[in-house]
Amino acid sequence: MKLNLKIWRQKSTTDKGHFEQHPIDGVIPEMSFLEMLDVLNDTLSAAGKENIAFDHDCREGICGSCSMVINGVAHGPTRGTTCQTYMRNFRDGQTIVIEPFRATAFPVLCDLVVDRSAFDRIQQAGGFVSVNVGGAPEGNSVPISKVNADLAMDAAQCIGCGACVAACKNASAMLFVAAKVGHLRLLPQGEPEAKDRVKKMVAQMDSEGFGNCTNQYECEAVCPKEIRADFISLLNREYLGASVFPRPM
Amino acid sequence: MKLNARVPDGPLAEKWDNCKMGMKLVNPANKRKYHVIVVGTGLAGGACAASLAELGYQVSTFCFQDSPRRAHSIAAQGGINAAKNYPNDGDSVERLFLDTIKGGDYRARESNVYRLAQTSVNIIDQCVAQGVPFAREYGGQLDNRSFGGAQVSRTFYCRGQTGQQLLLGAYASLNRQIEKGRVKSHTRHEMMDLVLVDGKAKGIIVRDMVTGQIERHAADAVVLASGGYGPVFYLSTNAMGCNVSATYRAFKRGAMFANPCYTQIHPTCIPVTGDFQSKLTLMSESLRNDGRIWVPKKQGDTRAPGTIPESERDYYLERKYPSYGNLAPRDIASRAAKEACDAGRGVGQFGRGVNLDFADAINRLGAKTIAERYGNLFDMYSHITGENPYQAPMRIYPAVHYVMGGLWVDYRLMSNIPGLFVLGEANFSDHGANRLGASALMQGLADGYFIAPYTITDYLAGMKPSGDTTQTKEFAQTESEVGQRLSKLQNVKGKHSCQEFHRELGKLVWEYCGMARTKAGLTKVLGLIPELRNRFWKEVSVPGSGQGINQALENANRVADFLEFAEVMCTDALTREESCGAHFREEYQTEEGEAQRNDEDFSFVSAWEYAGEGTAPLLTKEPLQPEFVKPSVRSYK
């Protein structure tokens, strides 16, 4: 396949940035999208030109490093992460526009690499159970219904990639925060700190410059782990409850 | 060099308690005066950093990823072992110990493995308390499944994402300490070198991967939890960033590298499809609970798998190992797959694949149950291959997955350099010559939560806080060496990308130091690696500047280390003239083609010492003296 790539280049956060055209030949359907970029970078290296910077690591859809918008869709045309996108989903001769995730809270560091440390700070604000090593009771001492354990796992699968933010017109991080809050809220271990947790995490989310949710569900549509927007309702309910009744009655 | 493993006295079951009782403590008010650096934030590093901070120490963590949560532990699928005996099927600490020792083909230190088995039960409790959503039974109790190399069900799991959930647990504990100000997290920072002062580990030199700045960081102790070196083979199931650099730089500063030739080839990965390929994807071993592995009996049989009648299929694992069947350990299952493909009975485009068939399980349990157990793995398979594993068997082939080798550590997880502790996959300690499935997560967390916090405390208790000074000649000297090397890489200005050399190195070591090794092959490759390395230093192209993000420079820096390390690995494989676990020397096999160990001459840990550039490393042997288990022929029949 021959493709025409239009790739975002930006030297640093303060640089204005621009699109660069890169025609590429010899792409085969079995290649992953990132392997196609590897081939392009090999050619650039051989010519002594700067490589296109992009975040990637596990290349199996679990580390959450990749952060590209392909033809306007976060992670590209198929469900899953960019690294799980294969060239069989593109046509010979197609133009492919590749951009970084765009959001005020995710400043571009270089080319397709963005700074997602805001997600870390949201979790540092309260996304944990306060238990020290050594203080844990016997694992089976608190039974947890399979239904709740499964639901908690549905939320906990979030890989923190930020596609939800990139897809949202408001650059809202509600799906991410909802997944984190939902996971711990659905387990008895998370219960004692639940009210405090939701308030702190939402406050941090707001201070990072993420927008609000206006129920468009673009986040749900691109989430590689298919986390449901229902969790946003749970987050809203929890937040409201914690604000109206700050202490357990 | 003289190695002292500091194994405590006493009966096996009491060694760890004895050891803890003999250790010194640090007064709670004094703990904050000590500073510990932790390199790597996976299960071992993340857990260790959080636990040390909980105790009150000042901790700095470093990871090359953009968040501690992205360390490669995140990708572990299947599960974590623990001797809880919840299914009442006869498990115990002793049995987990025995299975692990036998799985490692009697090449692990008994005392370490016993402690690992003892600690395993605490890990599950700790993780449940953190809110790790383990799979549950309908009654609300924790669920278990089976894994290779064991006849009990002792594996705890979170669908096919166990590593992710355990890491998120450790990351949450780490976040809690970051929020309290006890941990300073440095993301997108890569360790470039280790700094020794008076022979003790006192700090590291790192590169800020965003600004390109070289920084000095001092501490009272340094923990390396930097993972494994699987990508020395280029293609592996590891993340692209996994590397040997942190441990190799420590090796060049005097730390011993132990058993580098023990590299695990995982039997169930998606086969290679072409030269451009950058990584291989693992399909969890847990699939072997319900999937049956087979190849056609006839050579070159290209019929669709569904149309091959039962009588013309060879379920070779069930045939050769009737008692363990499809759950034979990884090294054995991998070699059997290679054997079938070498005999021309492989399936798929290049004939390098075997069928992993779920048809029977789907008939027996229904597609819904199978989807519940393995849904995400089936999805992943169809994403990558464009095929539907509910309808046709998966095609799998072995791939490099994990390394049992790593820096040498004593019982207290300290290397031969005082103050340098090594945890998780980065050390060599617990898996002998072959790791059993679901044991890596167990080891990483045991090291991080339950062992290192005690042993590091004991080390710190014996010294005064050093006050984090980086204005010394040792720091200046190491920093300048780091700078020189980086500019040297950039000034080669050749015409070939660093990937080309990496791919070539991978092909060499896979061919000659992969699933089967010979004296002739290893001797040959030991001549080829230096040639390739010389070409690299003459022809590599590392474009861009040292400032700002430069991924070509990051890669070149890692590949340069792989090009040196590969020689140490192949030297180790050449000198170990026996077959054991994952190390299979074709010259040493039984009539039936099984690995033939030589306990008389090779019951030792090979610890290698750096002897200067272009000089062969020096071997020191740590004898393994099995006191409690009598090594026998490892049979899974």
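Two residues are in contact when heavy atoms lie within 4.5 Å. By that rule, and leaving aside neighbours within four places in sequence, B:Asp99 is in contact with B:Gly149, B:Ala150, B:Arg154 and B:Leu436. This is a predicted model, in which local features need pLDDT of at least 70, side-chain atom pairs count only at pLDDT 80 or more, and totals for chains, interfaces and linings use all residues. Residues are numbered from 1 along each chain as its sequence is written, chains are lettered from A and ligands numbered from 1 in the order in which they are written, and side-chain values use heavy atoms, with hydrogens and water left out.

**Confidence**
- The model scores ipTM 0.98 and pTM 0.97.
- Chain B has an average pLDDT (the predictor's confidence in each residue, from 0 to 100) of 95, and 100% of the residues score at least 70.

**B:Asp99**
- B:Asp99 counts as buried because its relative accessibility is 14%, where buried means under 20% relative accessible area, exposed over 50% and partly exposed in between (1.4 Å probe, protein chains only).

**Aromatic pairs**
- Rings of Phe, Tyr and Trp (its six-membered ring) pair if their centres lie within 6.5 Å; planes under 30 degrees apart count as stacked, over 60 as edge-to-face and the rest as tilted.
- Over all chains, the whole structure holds 31 aromatic pairs.
- One of them joins B:Phe251 and B:Phe257 edge-to-face, at 6.0 Å centre to centre and 80° between the planes.
- B:Phe251 is buried at 0% relative accessibility, and B:Phe257 is buried at 1%.
- Ring pairs link B:Phe251 and B:Phe257 with B:Tyr229, B:Tyr248, B:Phe565 and B:Tyr610 into a cluster.
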